[in-house]
Amino acid sequence: MIMAFDEAFDVLVIGGGHAGCEAASASARLGATTALLTLNLDLIGQMSCNPAIGGIAKGHLVREIDALGGIMGRVIDRTGIQFRLLNRSRGPAVQSPRAQADRALYRLEMRKTLENTPNLSLRQGMVVDLLTPNNKVRGVVMQDGRRIGAKAVVIAAGTFLNGLIHTGRRTYGAGRAGEPASLELAETLKRLGLPVGRLKTGTPPRLDGRTIDWDLFQSQQADERPVAFSFSTDKIEQPQIDCYIGYTTSRVHEAIRKNLHESPLYSGQIKGVGPRYCPSIEDKVVKFAEKDRHQLFLEPEGHDTNEVYLNGFSTSLPAGLQQELVRMIPGLESANIIRPGYAIEYDYVDPRELGPDLQVRRIAGLFHAGQINGTTGYEEAGCQGLLAGINAARLVQGHTRFALRREESYIGVLVDDLITQGVDEPYRIFTSRAEYRLAFRHDNADERLSKYGREVGLVGDGEWERFNKRRDRIAKIKSALRTTRIRQSDAAYLALAEKIGLNGVESITLEDLAKRAGVTSVIISQLLPAETRAGGSLEEIESALADNLYSGYIRSQENVIHRLHGHDTLPIPIGLDFRTVNGLSHEMAERLERAKPVTFGAARRIPGLTPAALVTLLVNVNVGV
């Protein structure tokens with residue numbers, strides 16, 4: 001079939017959100033001529049909800065994106081206005097960076113980054129149809145009549161697919177407030193036979209900061225030593241701001257209960273399933289009725305705006321009622337709402353239609369990334385976009401597909417969860433989803449994944465040289481930790497003995513000393529040989545210490561992984577009642593009962609099934625390990 005096109009590219013990316021930006025950047029930098037198609041070029045990289053990047057496990061994803069050669073980490077490092085490392089009081093494996101963003105600057109920096117990318121063109125307009133003769137992508141049709149040819153298409157449409165906004169009893173079609181929904185493309189996906197469902201998400205009201213009594217809120221300051229997201233960032237230069245913590249009251253809760261009939265969530269107006277771990281204020285009040293207050297975060301949206309994001313108060317109640325409720329909160333008695341909160345329903349496609357490369361199995365050359373796959377969050381979208389963009393370019397260029405295993409990255413966990421289990425609610429990444437999370441620290445993402453970014457072609461010579469130098473410095477620090485001893489005759493010994501209590505130990509290595517309570521990375525850095533200390537940063541010393549702390553656990557995990565992978569084809573008896581398997585916890589048995597795997601390999605890919613549970617299962621199907 002001969003088709004006439006106004007333009008033609010190797011790869012088309014539909015959508016200018018976080019998935020689309022990563023997909024377009026990756027595809028173009030790998031040498032594929034690429035076009036990013038979006039409804040409004042001025043809103044590329046728009047933060048539709050929370051103006052922040054990172055968080056628990058999400059920060060790990062951004063580090064992994066950066067290690068592979070993605071762009072999200074670099075953009076937030078240039079535009080972040082409050083950097084904080086979460087879970088500092090816990091172990092290194094679950095610590096995770098987060099940064100409040102200047103919303104406007106992030107958007108401008110992302111567009112600037114894309115506009116300076118070779119092989120990448122930006123086009124404004126709405127895609128209304130996919131050209132897929134013989135179940136193979138050939139291009140798209142735009143609303144204005146343009147036909148654009150392509151050998152691969154990445155759909156990263158966010159909440160725009162058949163989007164419907166709810167504010168009280170009022171509803172209207174939109175992809176997000178002020179922008180039209182993509183109705184024709186949503187119908188095209190159904191026409192192609194793809195299984196489509198409905199999900200829901202929401203956003204809180206934005207307030208005028210000039211009308212807030214800031215003295216009544218608790219200040220939350222940025223870290224004195226900001227942790228960057230990109231391994232290429234040496235220092236965060238821009239000034240940092242404070243965020244603030246407040247609380248709802250029982251009066252607010254009572255007013256919400258009296259007006260639940262106005263909430264589309266409780267009137268039956270909304271059919272889509274919302275995110276369990278980011279509930280609306282209505283859900284919080286109903287489901288946690290015993291609580292007389294809920295925490296709120298007041299997050300300024302930039303240096304040059306008065307707009308403040310009321311994190312923790314997501315709602316779809318009527319706009320007028322939102323204003324009344326906000327003014328019941330101490331410190332917000334005079335606050336004005338700039339933009340009311342709302343809920344939005346949208347279509348998604350069952351991600352079990354995808355392969356590990358995020359290509360739709362039944363349509364060659366069609367890739368899905370982001371909320372179309374049932375996920376929620378900028379970071380989840382960004383990593384999918386990166387993977388889809390890499391594979392779209394590789395498909396066009398005749399290369400084999402690129403995929404990550406769940407045993408080596410949070411990205412691998414996310415993709416494997418999606419394509420094997422599907423979703424019944426918006427999917428969010430958590431550290432608890434990864435069986436091997438002790439090995440997935442945010443600081444070692446480059447050690448785990450930069451080699452893949454280099455092999456694919458997204459990690460350039462400069463970044464690769466930088467990575468190797470960092471790896472060599474950490475190796476030297478680890479060697480020094482093993483070989484450097486503090487003895488009773490040393491001047492530092494007495495001070496240490498008084499501080500942490502050495503109980504007459506004649507000598508101790510820095511490696512063992514670091515495992516004692518009260519010994520910080522700063523103390524260890526002061527005890528390292530001068531030549532080692534001069535060559536490495538405090539962050540690199542902390543990475544070396546974390547490697548040593550988890551080394552035994554990681555070796556054990558690696559052994560388990562090696563043994564488990566050797567049994568993927570082992571059949572599991574049909575009808576086996578997993579609840580009767582001796583040694584399986586109730587939770588693990590429940591997961592197995594729901595999934596009903598027929599091979600051990602299928603069981604191994606069930607999200608949240610621990611290595612210990614897998615070993616138990618192997619033993620009980622008569623295979624030793």
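1. Helix 1 and helix 10 are roughly parallel to each other. In this predicted model, helix 1 spans residues 18-29 and helix 10 spans residues 378-396, and their axes cross at roughly 30 degrees and come within 7 Å. An angle under 35 degrees counts as roughly parallel, and the pair is therefore described in that way. The crossing of helix 1 past helix 10 is right-handed.

2. The contact between these two helices can be stated residue by residue. Sorted by class, the contact of helix 1 with helix 10 comprises 8 nonpolar, 5 polar and 1 charged residues.

3. Ala 381 deserves a separate entry. This residue is in helix 10 and is buried, its relative accessible area being 9%. When residues up to four places away in sequence are not counted, Ala 381 touches His 18, Ala 19 and Gly 370. Ala 381 and Ala 156 are 225 residues apart in sequence, yet their C-alpha atoms are 8.4 Å apart in space.

4. Which residues does Met 47 contact, leaving aside its neighbours within four places in sequence? They are His 18, Ala 52, Ile 53, Ala 101, Arg 103, Tyr 106 and Tyr 378. Met 47 lies in the loop between strand 3 (34-38) and strand 4 (52-54). With a relative accessible area of 0%, Met 47 is buried. The C-alpha atoms of Met 47 and Tyr 106 are 8.3 Å apart, while the two residues are 59 residues apart in sequence.

5. Helix 2 (residues 58-68) packs against helix 11 (residues 410-421) at an angle of about 105 degrees, with the axes 9 Å apart. Helix 2 and helix 11 are therefore roughly perpendicular to each other. His 60, Leu 61, Glu 64, Ile 65 and Leu 68 of helix 2 meet Tyr 410, Ile 411 and Leu 414 of helix 11. The residues of this contact divide into 6 nonpolar, 1 polar and 1 charged.

6. Helix 2 also meets helix 12 (residues 445-456); the two axes come within 7 Å and cross at roughly 40 degrees. This crossing is right-handed. On the side of helix 2, the contact involves Arg 63, Glu 64, Ala 67 and Leu 68. On the side of helix 12, it involves Ala 445, Asp 446, Arg 448, Leu 449, Ser 450, Tyr 452 and Gly 453. By class, the contact of helix 2 with helix 12 has 5 nonpolar, 2 polar and 4 charged residues. Glu 64 and Leu 68 are also listed in the contact with helix 11.

7. The structure holds 6 aromatic pairs. One of them is the tilted pair of Trp 214 and Tyr 244, at 4.7 Å centre to centre and 45 degrees between the planes. Trp 214 lies in the loop between strand 15 (206-208) and strand 16 (218-220), and Tyr 244 in strand 17 (residues 243-247), so the pair ties together parts that are 30 residues apart in sequence. Trp 214 counts as partly exposed at 23% relative accessibility, whereas Tyr 244 is buried at 18%.

8. Trp 464 and Phe 467 form another tilted pair, with 5.2 Å centre to centre and 35 degrees between the planes. Both residues lie in helix 13 (residues 461-483), 3 residues apart, about one turn of the helix. Trp 464 is partly exposed, with a relative accessible area of 21%, and Phe 467 is buried, with 7%.

9. Two residues other than glycine with positive phi values should be noted. Asn 87 has a phi near 65 degrees and is found in the loop between strand 5 (80-86) and strand 6 (96-101). At 22% relative accessibility, Asn 87 counts as partly exposed. Lys 596 has a positive phi of about 50 degrees and is placed in the loop between helix 19 (586-595) and helix 20 (600-604). Its relative accessibility is 55%, and Lys 596 therefore counts as exposed.

Terms used
Residues are numbered from 1 along each chain as its sequence is written. This is a predicted model: local features need pLDDT of at least 70, side-chain atom pairs count only at pLDDT 80 or more; totals for chains, interfaces and linings use all residues. Side-chain values use heavy atoms; hydrogens and water are left out. Axes are lines fitted to C-alpha atoms, for helices over the stretch in contact, and angles run from 0 to 180 degrees between N-to-C directions. Helices (H or I, at least four residues) and strands (E, at least two) are DSSP runs, numbered from the N terminus. Angles under 35 degrees count as roughly parallel, over 145 as roughly antiparallel, 65 to 115 as roughly perpendicular and the rest as oblique. A crossing is left-handed if the near helix is turned anticlockwise from the far one by less than a right angle, and right-handed if clockwise. Ala, Val, Leu, Ile, Met, Phe, Trp, Tyr, Cys and Pro count as nonpolar, Asp, Glu, Lys and Arg as charged, and the others, Gly among them, as polar. Rings of Phe, Tyr and Trp (its six-membered ring) pair if their centres lie within 6.5 Å; planes under 30 degrees apart count as stacked, over 60 as edge-to-face and the rest as tilted. Buried means under 20% relative accessible area, exposed over 50%, partly exposed in between (1.4 Å probe, protein chains only). Contact means heavy atoms within 4.5 Å.
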